[in-house]
Amino acid sequence: MQRIARANVTGQSTPNTSTGWQEFGRALRIRREHHGLSLRDLAEQIRWNYSLISKWEQGKNRPPVEAVKALDAELGAGGELMAQALHAAMTDADQARKGTVEAKASTRDEDEDMERRRLMRDAAVVAVGGAVAPALAALTDAWKVSQPSISGASVSQAMIDDWEDAADVHAKAARVESPAVVLAALAADFAEMAPHLARNQPDAVRRDLAHAAARHTALIAGKWTDMGNRRQAHRWWSTTRTLIDESGDRLLASWLRSREAIHRRSDPAEDLAEVLKLSQEARRLAGSQPSAPLVAALTTEAKTLAAMGSHADAINTLQEAERAFDQLPAASGAFRSLSERGLWFDRSLIYTLASDVRNATQAQDAAEALYPVNDQTSPRIRLHRVALHARTDPENAAQEALRIVDGLPSGRWMTRYTTDTHLVLGALPEHARTLPVARELRALTVNRSA
């Protein structure tokens, strides 16, 4: 009973009645009952006191990181309980931030800043484990204190530059890591920025700070979209638009509006007409000169038109994007994710939606050769290929799509996979949609999206 004794000393759960932890508790209880375990059974398996588990299920206490990890592993949650705990911890942190923003800077309690950072770091540890996290956090704090602040500002130039670099790192991680893990890392950085955003800063510092923060909040919003949490996603997209407009950088504003449109287009519940307006706004902000943001806006508009069934307009817009891409210098900075392989993916989707087998197949062959197998885009290209042949070979297409979807870890599921699976299901002939394998694919997708 070593773990139970330890829980009473250093791992004791924290009193908490927030909605996020109540939702976590409900999810925990459902999983426990699904496995046919009593509270005492589960307590014995993970070696935590059953009365504590009861409090976690009721949302009365916030479980420590070690307990969340043990529960997730024991109940075979595949990271879903960890993601739910991340959501709850981020909600707590957001509530703490709101309380701080509403207070005047001159009367802000430093304990509130410390609590917010602690909550965000808890979220990071929940998602990535990392016993080294406290040491890393201490080193980061020490580095920030060592940097001289800009006159009249609460931050140093080195801190702002570091947050810009961090946005590049997070963007790369977002391509291979699960949404929960990426959110946790983003949360830790944004928690450091939030107090400075709430304070008065010199105009130039405010613009630079808003620029770095907008890149983080766009990634946060995108990950919430990937996880299917529309409320959080809309909140963070709104924050992103406000911050980027404060920065005064029109090209980054265009780029991030395209990112918003891309993510929202992948949500089956979104209104595509609204997404089209957003991509057209991104195009307007980019201007007429060839640039990475202009290409991103054009390809986003083309994909949205294709999803709406306007295939000729979509292909014309795609070709316009290709001409602009050919005139680009090497992309860098915030736009480095724009690449030739991304354009091949866009071609794959647009030509698949247009049922252009030759061009779609060429695009899929090229894209599959360029994307690493662990990249989040690789399964999407495979689903495009399956959708392309779903009308002529429906049973094998549905079977292959089922293998692809079933092979994706539940903790890495994203709404865009739901959209791509719907692409396969929608391409099946009417008579094939009732096939057992098609019904199984539909049910698995619904279960993963829940």
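1. Of the 450 residues of the chain, 52% count as buried, where buried means under 20% relative accessible area, exposed over 50% and partly exposed in between, with a 1.4 Å probe and protein chains only. The model is a predicted one, in which local features need pLDDT of at least 70 and side-chain atom pairs count only at pLDDT 80 or more, while totals for chains, interfaces and linings use all residues. Residues are numbered from 1 along each chain as its sequence is written, and side-chain values use heavy atoms, with hydrogens and water left out.

2. The chain has 22 helices and 2 strands, these being DSSP runs numbered from the N terminus (helices H or I, at least four residues; strands E, at least two). Among contacts (heavy atoms within 4.5 Å) between residues at least 6 apart in sequence, 69% join residues at least 24 apart.

3. The chain exposes about 20,200 Å², of which carbon and sulfur atoms supply 50%; accessible areas come from the Shrake-Rupley method with a 1.4 Å probe, and for residues only the protein chains shown count as cover.

4. In helix α4, which spans residues 50-57, the buried residues are Leu52, Ile53, Ser54, Trp56 and Glu57. Helix α4 is followed by Gly59, whose phi is positive, near 75°.

5. Helix α9 (residues 157-173) supplies the largest share of a negative patch, 3 residues, and Asp162 has its place in this helix. With a relative accessible area of 30%, Asp162 is partly exposed.
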